[in-house]
Amino acid sequence: MNRARAMSYLLSRASPGMPLGASRAWLIGATRSKASAPPSAALAAEPFLNGSSSNYVEEMYTAWLSDPKSVHQSWDTFFRNAVSGARPGEAYTAPPSLAEPQANHVPLTSLAPALASPQMVSDAPISDKVIDDHLAVQGIIRAYQARGHLVAALDPLGIDREALSERHPTTLPSKTVVRNYFDYIGESDMERSFKLPLSTFVGGSETTLPLKEIIKRLEDAYCRSIGVEFMFINSLEQCNWIRQKFETPGIMYMSAQEKRLLLARLTRSHGFEAFLARKFSSEKRFGLEGCEILIPAMKQVIDRSTSLGVESFVMGMPHRGRLNVLSNVCRKPLEHIFCQFAGLDTGDEGSGDVKYHLGTYVERLNRVTNKNIRLAIVANPSHLEAVNPVVQGKTRAEQFYHGDSEGNKVLSVLLHGDAAFSGQGIVYETFHLSELPQYTTHGTIHVVVNNQIGFTTDPRMSRSSPYCTDVARVVNAPIFHVNADDPEAVMHVCNVAADWRHTFHKDVVIDLVCYRRNGHNEIDEPMFTQPLMYNRIRKLKPCIDLYSDKLVSEGVVTKEEAKEVRDKYEKILEEAFAAAKMETRVFNKHWIDSPWSGFFEGKDPLRASPTGIHEDTITHICRRFSSAPPNASDFVIHRGLQRILNARMEMVKERTIDWAMGEAVAFGSLLKEGIHVRLSGQDVERGTFSHRHHILHHQKVDKSQYNALAHLYPDQAPYTVCNSSLSEYAVLGFELGFSMTNPNALVIWEAQFGDFHNTAQCIIDQFIASGQSKWIRQTGLVLLLPHGMEGMGPEHSSARLERFLQMTSDDPDILPAFSSDFAIRQLSDINWIVASCSTPANLFHILRRQIALPFRKPLILMTPKSLLRHPEAKSPFDDMVEGTEFQRVIPEAGPASKNPAGVKRLIFCSGKVYYDLTAARKEAGLEESIAISRMEQIAPFPYDLVKQECDKYPEAELVWSQEEHKNMGAWSYIQPRIATALNCEKHLMYAGRPVSASPATGNKKTHLRELKNLLEDALAL
Ligand SMILES: Cc1ncc(C[n+]2csc(CCOP(=O)(O)OP(=O)(O)O)c2C)c(N)n1
Ligand SMILES: [Mg+2]
């Protein structure tokens, strides 16, 4: 049978005019269809053919004629049957054994029998084989989308390519990707055409493609220099968006001009490090060599985002490449950077920080988009990733104060090292803020400098996840792994990341897979620990050379042009270097990341505004705070809560406040003055101890809420109170960042119990205690730390007051000069304020003082638990009205104070123990002979007032009484300072619990016995 006869056979066997069933049209595609070739109705009678595939059939037939084994077994069977006279629809039979069925193999048609049912088509049934093949193609496409990244050529060193070792040497797909789909549809099907499902964009404008082409395009999209991880994302819309961004043919096109810009940026990135290496060869700088592409990548993210409307970028980053980013991304003057190497004296306040931790803030023109932008790099400590939540808080605040409710104008960018990204828990905690209504920054762009090493540790020893980026999967962030030695691929990924963030306002990760050309720092010898890796690195050309060679070979630039760009930048560096040599001092103020323009200007630096307020204001706030929503009679309030509101209203009538009201009046009065108040922490809306109730919940309507403090005055500032995620580290960091943006805001973080703050210790130690000194950055952040021994066991008792006191920067041995501005001068000089108020009025004043001060200081406030409802822990309105102020020490005001000469003992104490002491004193009938004074502000130490009290009672012996154990609480802070205040002329006795390893006993009885003992000690004359 010659070829013509065979074809005529195929044609003649068909019933004339028989249409192809519309419902199976999706299954069968045309190969190389020619518009001129009319579809054959006859061929359509065959269930797996249509007229337009005749070319393909012809080819198959020709091949079969010359060698039946050269075609797939299914074609062999078909042609044999056809030649021997089978009727249309009968010639084809499913191949007997395309592959040995797997043990768990189920024919795809058995899973979707409707596809194979005769009812689906107007004529002959579709065979299992046809359906299986098409479903297999779909499966292959999906496999690439889901697992293509596993075999992508991501690593410039080629050391993470174990998965590739099993790759077929031909163009066949990797088993890692397609698993057993290629058992169904094999090499011999490569020329067959398939209709492309809607889940892929590889076809571009074509709807069918030969399998070979489909696979080639999938390989190009998913297995070259970019590995896209996204199929875990639950949103179909988002998955399709990503597919389109990587699969569409020609999507990675770059114009010659764009390539030249990329080359120029890469040249600067490379040139900067090379210059520093030459000029400061023995200095640590944590260079970027091996990931120079980071600079063009960041610039691309910024360009693209700027063109999409972003005006401000808040960035956080580790040590690696920081100087390069400061110079080439932020355009920090090179002289300022070079001066940091010179070991010059500082010309202003602060102890400063090493150069690769410093922050900066710049406003500049983006030359690509011609728009003005603001760039801030937040200063950070050595503690990797700790800056993440701080950046988020700062970003959120910028968005908030700019009314940027969707994050279109302010964008956070976080850079990470591979080891830190997977190793540090704060990364996870920060990711979990990303979608919370009061914490979201509407999408962060994360960039990982994945040099496949952490100091001297290999990834296999530093993480258990396959990728260092796996942590991002928890928030459904797409992850774009990219070979950092393919600059154009990196640029594409950056564009997609910026577009993604703009479109979906969700986090996205760019994983720059690179290497580290030097040791951890420039002085380290990497061959000690990674000899093979570094042998390979030494053979690698720098990225700049690879890319300029590429562009030269493409004819985009000439060698001379490339050199010219290098020389030009070299000249700039040399000039700046010469200018830096002329400098004699460095200035910490050049490195402020959050300047508060206008805040300090025109202010007396030692004058605070008054904190007392008009009684009408107190009454108005208290009334609102004690009422259900006005004009909402149908708002159903819980009966228990109604009782609380009623009790509050009763207090208003009596002109008194309790703790919750003291706090509310402080907030409300600040809001009235235009000060934004933000209270954040676990369960803060109600309050851990069910005392606050800032949000009332409608008992019948879900999510219907009322926030009285947000509705006090029509023109008040906004009030934000928000329950946070169960994280201290991230949430405290976030609030710190928030507080850095606007000095005219009271930002408060409350710990559920004070002792939980230690999971955020890094933020406290590295940022709050030392931030002003290191980075001359101020913050008025308030920490509310419930503290006190209530017999609740070792946990929940101690906020570790002693630690905060130990970190205060005032000298215990130096008595500051007493003057009229003594108190404020002390506040100005210290690193933070530590206090423990015993009355609601004092709480009110100290919170308001945070804003009344002409500078900002962190406030560490020990807050009570049982005192919240203590009948005596109430204050009259009189203590808050105009003319009143925060009392650093509340002196004895009872009978003892009336006859000081008769007082035998003066007890100083702080916090709740005061109420225990006064009750015990009363019971013992010692009110005449023992005076008790409360130290409300512990640090800075109120030397002046303490001395005054001591002088008042010349005959009294001195006792410090505390409920904490002796090695805890304020004792070790107080003792030397009282000695200094009194010039060591009087001995201070201790009355409190003995030393202990545990903060408190777990036994209630023991607790009470200890309390009894300490009270007896304190009062034993
Ligand atoms: C929280 C914390 N722990 C330990 C260190 C000490 N340290 C500094 S750099 C480094 C390795 C970081 O590796 P990676 O995150 O991959 O960044 P790379 O240096 O490779 O760019 C370590 C362990 C640190 N800075 N911070
Ligand atoms: Mg690393």
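I began with the spacing of the donor residues of the magnesium ion (ligand 2), which runs D-x32-N-x1-I in sequence. I note that Asp 418 sits in helix H17 (residues 418-423) and Ile 453 in the loop between strand E9 (444-450) and helix H19 (459-462), so the pair ties together parts that are 35 residues apart in sequence. I keep in mind that this is a predicted model.

Next I looked up the donor atoms. The ion is coordinated by Asp 418 through OD, Asn 451 through OD1 and Ile 453 through O, at 2.0 Å. Are Asp 418 and Ile 453 buried or exposed? I find both of them buried.

Then I turned to ligand 1. I count 15 residues around ligand 1. The closest are Arg 320, Ser 382, Asp 418, Ala 419 and Ala 420.

Which element gives the most to the shell around ligand 1? I get H17, with three residues. By class, I sort the shell into eight polar, five nonpolar and two charged residues.

In the side chain of His 319, an N or O atom is 3.0 Å from an oxygen atom of ligand 1. A polar backbone atom of Ala 420 lies 2.9 Å from an oxygen atom of the ligand. For Ile 453, I also read 2.9 Å between a polar backbone atom and a ligand 1 oxygen. Taken alone, ligand 1 exposes 580 Å², and the protein buries 75% of that.

Definitions and conventions
Residues numbered from 1 in each chain as written. Chains lettered and ligands numbered in written order. Predicted model: local features only at pLDDT ≥ 70, side-chain atom pairs only at ≥ 80, totals over all residues. Heavy atoms only, no water. Donors = N, O, S within 2.8 Å, 3.2 Å for Na, K, Ca; no water. Helix = DSSP H or I, 4+ residues; strand = E, 2+ residues; numbered from the N terminus. Buried < 20%, exposed > 50% of the residue type's maximum accessible area, 1.4 Å probe, protein only. Near = heavy atom within 4 Å. Polar contact = N/O pair within 3.5 Å; in protein donor to acceptor, adjacent residues only side chain to side chain. Areas by Shrake-Rupley, 256 points an atom, 1.4 Å probe, with all protein chains shown as cover. Nonpolar A, V, L, I, M, F, W, Y, C, P; charged D, E, K, R; others polar.
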